[in-house]
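The report that follows reads one structure region by region, for a reader who has the sequence and the coordinates at hand. Please keep both in view while reading.

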Amino acid sequence: MLSNLVKLGATNLGLFQLDFRILTEGKFVRIAPTLGSIVHNSTMISMISEILEANGVQPDSEEISKEFEEYSSLQMKLAKYQSSGKLSISLPGVRSINFSSLITEMIHPSRVSKIFGKIRVVTSEHPLFFKSNETESDVRREFPRASLRVFMRNFVDKGNRDGVKKLTEELKKNTLEMIQDTENLAPPVKESMLKKVEAIKVTIGYPDHFDPPGTLDKEFENFDLDSTDSYYRIFQKLNRLRSEQQMEFIAGETPISPIKEVLKVNANYKRSKNALTVFAPFLDDPFFDITYPDYVNLFFSGFLIAHEIGHSVDANGLGYDENGKPMDGIRLEHVTEYGKQGQCLVDQYDNYDDPVYGKKMNGTHSINEIIADWVGHEVTWRAYKKMDTSKMLSLIGLKDINMDQLYFRVQSLLFCRERDTISLEETLKDVYPTDNFRVNGAYARVCGGVQLSGYITYESGEEV
Ligand SMILES: [Zn+2]
């Protein structure tokens with residue numbers, strides 16, 4: 001039917017249209033959705049009736065209204081899906097329509113062999129034509145453990161998990177040393193901080209419970225899907241599996257809730273449990289790889305993990321003990337030297353002249369992230385200074401800079417990006433300081449701390 005419409009010269013084929021675009025890259029046939037043209041009900045109905053009458057068909061107005069309602073509601077549904085406005089050079093991912101043959105139909109049959117090869121096609125990046133990764137995230141949400149299993153089996157070198165584990169322990173040790181070395185901390189406060197960092201529960205990728213081969217597979221032993229199962233039946237079975245897994249979790253047989261989302265490229269610290277989790281996708285390049293020189297893993301992933309450890313002693317974290325229970329009394333301002341350092345960081349951000357927003361920042365609001373960054377820098381620097389890098393591989397193209405410079409360069413790159421474009425209001429809502437501050441502010445070192453050997457600030461990648 002579509003092909004016949006094209007033969008008749010139609011380019012608007014209902015849900016989509018074929019049109020022509022002249023772009024800087026050249027001339028293209030464009031496949032795009034036909035949306036936003038909701039014709040008024042009565043106009044459309046009388047038009048259809050007239051066409052039918054003119055062709056000798058008696059219109060059934062009730063039938064027409066009913067069909068028109070369906071048409072309008074479909075249009076409304078489709079209108080919810082906005083096009084990104086971007087164009088893709090691939091054909092739509094809709095297997096039931098042969099788009100190439102529709103385009104061929106637009107060419108005079110005698111000219112097809114001559115010009116078809118010269119026709120370039122672009123497709124509007126609309127959900128009508130391309131699957132969004134929504135399906136993928138549905139699967140991840142519904143089958144978190146199975147997704148974890150697939151991910152671990154196919155993408156993660158087991159050595160990476162052990163490597164991140166080792167790195168995390170090392171960072172923890174250096175955090176303890178840093179606290180130990182901090183002068184003028186009231187002894188009970190120091191003790192409670194040390195106890196807390198020492199007690200942080202670390203999970204790398206997945207709890208050790210799932211480490212023995214086959215453990216994750218075993219979770220699905222009783223989950224039988226059949227090719228004849230309806231969508232509804234699959235969900236029914238899935239819900240059943242989930243309740244069984246919940247019961248096992250509640251009974252303490254398994255360590256993570258079956259509905260917990262475990263595939264995030266991230267690490268986080270949970271205050272209420274004094275627990276640090278490094279999620280599985282983190283255990284893969286470009287974040288971490290056991291074959292990278294140790295200093296690469298430390299400069300990049302090490303910082304991110306140490307930042308999370310830093311949250312255990314940030315302004316909020318200080319108020320909770322090693323089991324995640326709130327403690328009375330210990331607040332940043334009560335912790336003398338540490339408190340002074342915290343106040344200095346608050347003031348520094350308050351007075352920071354951000355190139356986009358000016359001196360409008362709120363140090364109190366962002367203090368937890370600033371402290372976490374600060375701990376992240378101090379701890380990775382400590383760990384790096386103990387490392388014998390002389391025998392490690394050097395990086396191609398970066399042999400001319402010394403290791404210290406490389407340290408600053410990599411850490412700066414973590415937050416080095418284009419200037420912020422969001423409004424000041426939105427920026428102030430964010431708990432993170434601006435990226436600019438996370439590089440230039442963090443290394444300005446106006447608040448002291450461990451002596452770093454050199455200051456480097458970056459302005460569009462240039463050393464200043
Ligand atoms: Zn943070």
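Asn436 has a relative accessibility of 17% and therefore counts as buried, the cut-off for that class being under 20%. The values in this report come from a predicted model. Asn436 belongs to helix α17, which covers residues 435–441. When its neighbours within four places in sequence are left aside, the residues in contact with Asn436 are Tyr352, Asp354, Pro355, Arg419 and Gly441.

Phe408 is part of helix α15, residues 403–413, and its relative accessibility of 2% is the reason why it counts as buried. Between the C-alpha atoms of Phe408 and Trp381 the separation is 9.6 Å, while the two residues are 27 places apart along the chain. Asn274 sits in the loop that connects β6 and β7, and with a relative accessible area of 0% Asn274 is buried. The backbone of Asn274 has a positive phi of about 50°, although this residue is not a glycine.

**The zinc site**

Which protein atoms are the donors of the zinc ion? They are NE2 of His307, NE2 of His311 and OE of Glu369, lying 2.0 Å from the ion. Along the chain these donors follow the spacing H-x3-H-x57-E. Because His311 lies in the loop between α12 (294–310) and α13 (336–350), whereas Glu369 lies in helix α14 (residues 363–385), this pair ties together parts that are 58 residues apart in sequence. Both His311 and Glu369 are buried.

Strand β2, residues 26–33, has seven of its eight residues buried, so it is largely enclosed by the rest of the structure. Strand β1, residues 16–23, runs antiparallel to β2 and is joined to it by eight bridges. These two strands form a hairpin, with two residues between them, and Leu23 has Gly26 of β2 as its bridge partner.

Strand β2 also pairs with strand β4, residues 121–124, here in the parallel sense and over three bridges. Within this pairing, Val29 stands opposite Val121 of β4, and Arg30 has Val122 of β4 as its bridge partner. Strand β4 is in turn joined by two bridges to strand β3, residues 87–88, and that pair runs antiparallel; in β4, Ser124 is the residue that stands opposite Leu87.

| Strands | Sense | Bridges |
|---|---|---|
| β1 (residues 16–23) and β2 | antiparallel | eight bridges |
| β2 and β4 (residues 121–124) | parallel | three bridges |
| β3 (residues 87–88) and β4 | antiparallel | two bridges |
| β5 and β7 (residues 275–279) | parallel | five bridges |

**The sheet of β5, β7 and β6**

An open sheet with mixed pairing is formed by three strands in the order β5-β7-β6. Its edge strands are β5 (201–205) and β6 (267–270), each of which pairs on one side only. On average, and with direction ignored, neighbouring strands of this sheet are turned by 15° against each other. Strand β5 pairs with β7 in the parallel sense, and Ile204 stands opposite Val278 of β7.

**Helices α8 and α9**

Two packed helices are described by the angle between their axes and by the distance between those axes. The axes of α8 (residues 158–181) and α9 (residues 187–199) come within 10 Å and cross at roughly 180°, which means that α8 is roughly antiparallel to α9. On the side of α8, the contact is made by Lys172, Thr175, Leu176, Ile179 and Gln180, and on the side of α9 by Lys190, Met193, Leu194, Val197 and Glu198.

Terms used. Residues are numbered from 1 along each chain as its sequence is written. This is a predicted model: local features need pLDDT of at least 70, side-chain atom pairs count only at pLDDT 80 or more; totals for chains, interfaces and linings use all residues. Side-chain values use heavy atoms; hydrogens and water are left out. Axes are lines fitted to C-alpha atoms, for helices over the stretch in contact, and angles run from 0 to 180 degrees between N-to-C directions. Helices (H or I, at least four residues) and strands (E, at least two) are DSSP runs, numbered from the N terminus. Angles under 35 degrees count as roughly parallel, over 145 as roughly antiparallel, 65 to 115 as roughly perpendicular and the rest as oblique. Contact means heavy atoms within 4.5 Å. Buried means under 20% relative accessible area, exposed over 50%, partly exposed in between (1.4 Å probe, protein chains only). Two strands pair if DSSP finds at least two bridges between them. Donors are N, O and S atoms within 2.8 Å of the metal (3.2 Å for Na, K and Ca); water is not among the atoms, so sites may look incomplete.
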